[in-house]
Amino acid sequence: MKRTTLSLIAGATALAAVTGFASLTTPDGSAAPQVKAPTRLPVERAGLACPVPSTSEVAETLYTSYTPPSGGTDPAKGGTGGTGGTAGTAGAGGSGTADKPAAATAQLRPATSATTSGGATKGGKKAKAPKAPATVTAPGKPVTAEANGPAAPALTGAATGTLAPGWTVQQTTVVPAGGARGLLGLSCGAPDTDFWFPAASTAKERQDYVHLTNPDDTAAVADIELYGPEGVLKSQFTEGIPVPARSTVPVLLSTLTGEAAQQSVTVHVTTRSGRVGAAIGSADEKLGSDWLAASADPASTAVLPGIPADATSVRLVAFVPGEDDADLKVQLVTRNGTIVPAGAGSLHVKSGMTASVELPDLTRGEAGSLVLSPSDPKKPTPVVAALRVVRGKGENTEVAFVPATGAISARATIADNRAKGTTLALTAVGADAQVKVTASAGSGGGTPVSRTVTVKGGTTTALTDLVPQGLKGSYALTVEPVSGGKVYAARTLAVPLDDTPMFTVQTFVDDRGTVEVPSARQDLGVLD
């Protein structure tokens, strides 16, 4: 009787999660506990990891930490999303209960640098932290901190309480000269166990490091797989890479394989124990440097938003992790509609092999987004993808990367935007959509402004004029769906240096500020 009743309750709970309601009776005919639909509550803890920003002596790095305001100042009284209580984590372990939320904190601290094959090292000693840690004290206002030179460390941290839902940290580095010159931008990522990086390289002119940062108190062990145009690259020192607790390990990709250099490589990072934050720092001696963030999880449709209007070169790189080949339709979503790029309307990607295609003169003066979808809708094949984008010509060039990203389901934020040089690209692939875009107060002052934007289906809308009133410092941009179809977004930050059009592009990733919590209440008396 006890086992039967427990099974019925478990089944009803699962049914409630799908349909929103369920009811049942026990074998003796009495009523069983009613199972309520799950609710969404604000996360109570969020963790992030920021890699070592640069090894250049002339690097200047700005960290911007920000938590968007919620529906109320206290989640226990109807905060994020208008729900009560707090529950769950986003990217970090934690404790706390809905009855007693954790104290609100949001702070970064240095990680220790460790040595690995081909990696830069500081002898296992802690490097100097930023002069003033970017500690958020209240939602709605960005906080900044500077860290210059090669001694700037990797950072890890966590936000708790009312500062956890939507907490984001932007790492922006300017390297004005040298082989790693460029504007390098990265939204510090949540630790995870599985990452895909198309558009990496082992070419001689490239120095691509995968940075593995462990924010936890226990060691992690990671594996790295490399895939070129002909399949798996024979590699060494890629299995069982130890990442000590609270430390970071940089690995130079070209040292992992003895095979011929490859212009386009897909990197797969997994962990066999623990979690890490992962990002690839790429420096091209001719084109410049930037961070390559992880692609969205493999999916049959990939959206790569925010290609600048004046891009002079775009390379698409795609990879199929599964057993089936993929035949993809390639489309460019512009201000006026969706078109097929000249001479590149399709792409065949063999299973386990990296495919790439050059897309010259792609945007032609209009910001756009690239969409990959199955040529035959009846044969969807999951893929991962990324773009290498170049602006400028000759010696005055700069490079950035745009990974495939998911649609914004609830809310997403990018910090460190400037009064000049910020472009927000919003793309609706299917139906028309409305989103609310908010420019926060500035790090040094200013009044937030919001705007509801309608994006027609199959188009990309570029915004350059949404700036806080009386802005001082930098600000954050937050995008929230209001109605209609799915929206994908990216932010381009342009900071020209002399004749070099330095820029970086970050895609908007849903901030996972809420978590679904079962609401089932069980009357244990029926189990007797």
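Biologist: How many cavities of 30 Å³ or more does the structure hold?

Modeller: The model is a predicted one, and it holds one cavity of that kind. About 60 Å³ of space lies in the largest cavity.

Biologist: Which residues line the largest cavity?

Modeller: The lining includes Arg418, Ala419, Thr422, Leu424 and Val437. Leu463, Thr464, Asp465, Leu466 and Val467 also belong to the lining, as do Tyr475 and Leu477. Two elements, β30 (422-428) and β36 (475-484), each give two or more residues to this lining.

Biologist: Let us turn to strands. How should I read the two faces of a strand?

Modeller: In a regular strand, side chains alternate between the two faces of the sheet. Take strand β18, residues 277-284, as the case here.

Biologist: Which residues of β18 lie on one side, and which on the other?

Modeller: Gly277, Ala279, Gly281 and Ala283 are on one side, while Ala278, Ile280, Ser282 and Asp284 are on the other. Both faces are covered, and the residues on each are all buried.

Biologist: Which sheet does β18 belong to, and in what order do the strands run?

Modeller: β18 is part of an open sheet of five strands with the order β6-β16-β12-β18-β19. The pairing in this sheet is mixed. β6 (112-113) and β19 stand at the edges with a single partner strand each, so one side of each has no neighbour in the sheet.

Biologist: How many bridges join β18 to β12, and in what sense do the two pair?

Modeller: β18 and strand β12 (residues 206-214) pair over eight bridges, in the antiparallel sense. To find a point on this pairing, look at Tyr209, which stands opposite Gly281 in β18.

Biologist: What about the pairing of β12 with β16?

Modeller: β12 and strand β16 (residues 247-252) are also antiparallel, with six bridges. Leu212 has Val249 in β16 as its bridge partner.

Biologist: And how many bridges join β18 to β19?

Modeller: Five bridges join β18 to strand β19 (residues 288-292), and the two run antiparallel. Asp284 stands opposite Gly288 in β19. β18 and β19 form a hairpin, with three residues between them.

Biologist: Next, disulfides. Which residues does a disulfide join here?

Modeller: The structure holds one disulfide. Cys50 is joined to Cys188, with an S to S distance of 2.1 Å. Cys50 is in strand β2 (residues 45-50), and Cys188 is in the loop between β10 (182-187) and β11 (194-200). The pair links distant parts of the chain, 138 residues apart.

Biologist: Why is the disulfide of Cys50 and Cys188 called right-handed?

Modeller: The torsion about the S-S bond is about 115 degrees, so the disulfide is right-handed.

Biologist: Are Cys50 and Cys188 buried or exposed?

Modeller: Cys50 is buried, and Cys188 is buried too.

Biologist: How many aromatic pairs are there?

Modeller: The count comes to four aromatic pairs. One of them is formed by Trp196 and Tyr227, whose ring centres are 6.4 Å apart, with 35 degrees between the planes. This pair is tilted. Trp196 lies in strand β11 and Tyr227 in strand β13 (residues 220-228), so the pair ties together parts 31 residues apart in sequence.

Biologist: Are Trp196 and Tyr227 buried or exposed?

Modeller: Buried means under 20% relative accessible area. Trp196 has 9%, so Trp196 is buried. Tyr227 has 11%, so Tyr227 is buried as well. Together with Phe319, Trp196 and Tyr227 form one aromatic cluster.

Biologist: Which residue lies over the face of Phe503?

Modeller: Arg391 does, at 5.1 Å from the ring centre.

Biologist: Last, the loops. Where is Lys379 found, and is Lys379 buried or exposed?

Modeller: Lys379 is in the loop between β26 (368-374) and β27 (384-393). With 61% relative accessibility, Lys379 counts as exposed. In sequence, Lys379 and Ala326 are 53 residues apart, and in space 8.3 Å, C-alpha to C-alpha.

Biologist: Where does Ala431 lie?

Modeller: Ala431 lies in the loop between β30 and β31 (433-439). Ala431 has 47% relative accessibility and so counts as partly exposed. Its C-alpha atom is separated by 4.5 Å from that of Gly457, 26 residues apart along the chain.

Technical notes. Residues numbered from 1 in each chain as written. Predicted model: local features only at pLDDT ≥ 70, side-chain atom pairs only at ≥ 80, totals over all residues. Heavy atoms only, no water. Buried < 20%, exposed > 50% of the residue type's maximum accessible area, 1.4 Å probe, protein only. Helix = DSSP H or I, 4+ residues; strand = E, 2+ residues; numbered from the N terminus. Pairing = 2+ DSSP bridges. Disulfide = S-S within 2.5 Å. Phe/Tyr/Trp six-rings, centres within 6.5 Å; stacked < 30°, edge-to-face > 60°. Lys NZ or Arg CZ within 6 Å of the ring centre and 35° of its normal. 1 Å grid on protein atoms, 1.4 Å probe; cavity = no way out; pocket = protein on both sides within 12 Å on 5 of 7 lines; lining within 4 Å. Points joined across faces, edges and corners; volume = space filled by probe spheres on them.
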